[in-house]
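Please read these points with the sequence and the structure side by side. They are meant for someone meeting this structure for the first time.

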Amino acid sequence: MKNMLLTLFTLVSLLTAQAQTTTAPVLPKEDYVVTISTTYGDMILLLYDATPLHKKNFIELAQKHFYDGTTFHRVIADFMIQGGDPNSKDSITTNDGIGGPGYTVPAEFNPNLKHDKGALAAARMGDEVNPNKESSGSQFYIVQNKKGTPFLNNNYTVFGQTIKGFDVIDKIAQVEKDGANRPLKDVTMKVTVTKMKTKKIIKLYDCAWFYNV
């Protein structure tokens, strides 16, 4: 009986330790805060470490000012707002949505990263020409639907989340647009990334929940 109790105690201890190990989030010392500035206001986002290729790529493009002057060229109310195409800088509206930096990024699907409202995800070409579902090198979209867009989960890579500026997403989603869902008046953006202590980020934006994914 004593041996049985010891064995049971050991098993419980191991399971408890394992649970603590697997559920406790690892908080990075520093992280990047993304700011997407528009005439409608600023959206503040964080990028997931669970999608390192997308995170690195987005940060590098922003640091090179790649996104500055691009527009949200495709806007669908109750769905999402899409941007990041360098073609959207010119006056030719018919080439919006087909541009990029000249490369794609391998898909990084993660079942824990959902298309919730404010989710930042990578646009991509369709399955018929892109069976591996690789992401556009620069184009992205931000989910506007308050219930999210769960039908896109594990089909498009979610690599970030809005932590402030949800009202800005809504304002952009409601602008007047043409039959191709392109805003009649350009909604241009400037994207900056700022490295901060993670504890400072959490204090500023009350976003500890982001790191508990």
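This is a predicted model: local features need pLDDT of at least 70, side-chain atom pairs count only at pLDDT 80 or more; totals for chains, interfaces and linings use all residues.

1. Residues are numbered from 1 along each chain as its sequence is written, and side-chain values use heavy atoms, with hydrogens and water left out.

2. Strand 8 (residues 140-143) is covered on both faces, with Phe 140 and Ile 142 buried on one side and Tyr 141 and Val 143 buried on the other. Buried means under 20% relative accessible area, exposed over 50% and partly exposed in between (1.4 Å probe, protein chains only). Strands are DSSP runs of E with at least two residues, and helices are runs of H or I with at least four, numbered from the N terminus.

3. Strand 8 pairs in the antiparallel sense with strand 4 (residues 80-83) over four bridges, and also with strand 6 (residues 119-122) over three bridges; two strands pair if DSSP finds at least two bridges between them. Ile 142 is the bridge partner of Ile 81, and Leu 120 stands opposite Ile 142 as well.

4. The structure holds nine salt bridges, each a side-chain nitrogen of Lys or Arg within 4 Å of a carboxyl oxygen of Asp or Glu. One of them joins Glu 60 to Lys 56, with the closest N and O atoms 2.7 Å apart, and both residues lie in helix 2 (residues 52-63), four residues apart.

5. Arg 182 forms a salt bridge with Asp 186 at 3.1 Å; Arg 182 is buried at 9% relative accessibility, whereas Asp 186 is partly exposed at 40%.
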